[in-house]
Amino acid sequence: MLATVIIVIILAVIIVAAVLSYRRKLTRGCCGAGGDPVEKIRTDTKNPADYPFQYTITIEGMTCKNCAVRIENKFNQTDGYLAKVNLHKNSALIRSKTDVTDGDLKSIVARAGYHITSIQRL
């Protein structure tokens with residue numbers, strides 16, 4: 001009888017913790033960004049012709065629009081890059097003014113808190 005009561009109490013604590021976690025996600029977003037959307041950073045030059053090098057990258061870890069905007073912002077605030085992220089495909093089209101290494105791309109994405117799983121040079 002005592003074992004049953006202890007098990008019920010443990011299950012109740014787990015259920016309460018799960019409900020509280022879910023409520024936080026509803027109010028703050030899936031990645032804890034808060035209720036406000038992340039503001040996009042625009043680049044000075046938006047003309048794709050100014051960025052002759054193109055890469056398609058696949059990104060792991062994006063779960064919402066705020067995630068996509070964070071990655072775009074990291075590239076767009078780095079000199080020489082223009083980025084457009086597609087959340088539904090977990091990918092991004094990255095344009096650059098100079099030829100860059102895979103390590104350069106991976107470093108920028110890692111600073112945003114995500115991971116590149118593949119890079120294709122176009």
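How do the residues of the lining of the largest pocket divide into nonpolar, polar and charged? They comprise four nonpolar, two polar and six charged residues, where Ala, Val, Leu, Ile, Met, Phe, Trp, Tyr, Cys and Pro count as nonpolar, Asp, Glu, Lys and Arg as charged, and the others, Gly among them, as polar. The model discussed here is predicted: local features need pLDDT of at least 70, side-chain atom pairs count only at pLDDT 80 or more, and totals for chains, interfaces and linings use all residues. Residues are numbered from 1 along each chain as its sequence is written, and side-chain values use heavy atoms, with hydrogens and water left out.

Three helices and four strands make up the secondary structure of the chain, and their pattern along the sequence reads α-β-α-β-β-α-β. Helices (H or I, at least four residues) and strands (E, at least two) are DSSP runs, numbered from the N terminus. Of the 122 residues in the chain, 27% are buried; buried means under 20% relative accessible area, exposed over 50%, and partly exposed in between (1.4 Å probe, protein chains only). Among contacts in the chain with a separation of 6 or more, 67% join residues 24 or more positions apart, a contact being heavy atoms within 4.5 Å. The chain has an accessible surface of about 8000 Å², and carbon and sulfur atoms account for 57% of that surface. Accessible areas come from the Shrake-Rupley method with a 1.4 Å probe; for residues, only the protein chains shown count as cover.

The largest pocket holds about 180 Å³ of space. On a 1 Å grid over the protein atoms alone, a pocket is an open set of points where a 1.4 Å probe fits, with protein on both sides within 12 Å along at least five of seven lines, and lining residues have an atom within 4 Å of a point. Grid points are joined across faces, edges and corners, and the volume is the space filled by probe spheres set on the points. At least two lining residues come from each of α2 (65-76), β2 (81-86) and β3 (91-96), and β2 supplies the largest share, three residues. The lining includes Lys40, Arg42, Glu72, Leu82 and Arg95.

Helix α2 also carries Asn73. This asparagine is buried, with a relative accessible area of 7%, and it touches Val38, Glu39, Lys40 and Ile41, not counting residues up to four places away in sequence. Two of these partners, Lys40 and Ile41, are named in the pocket lining too.

In helix α3 (residues 102-112), Leu105 is the residue to look at. Its relative accessible area is 0%, so Leu105 is buried. Leaving aside residues up to four places away in sequence, Leu105 touches Tyr55, Ile57, Phe75, Tyr81, Ile94, Val100, Ile116 and Ile119. Tyr55 and Leu105 are 50 residues apart in sequence, with 9.1 Å between their C-alpha atoms.

The cysteines come next. The structure contains zero disulfides, a disulfide being a pair of cysteine sulfur atoms within 2.5 Å. For Cys67, the closest cysteine sulfur is that of Cys64 at 3.8 Å, which is too far for a bond. Cys67 is buried at 1% relative accessible area, and Cys64 also counts as buried, at 15%.

Asn90 sits in the loop between β2 and β3, and has a positive phi of about 55 degrees although it is not a glycine. With 29% relative accessibility, Asn90 counts as partly exposed.
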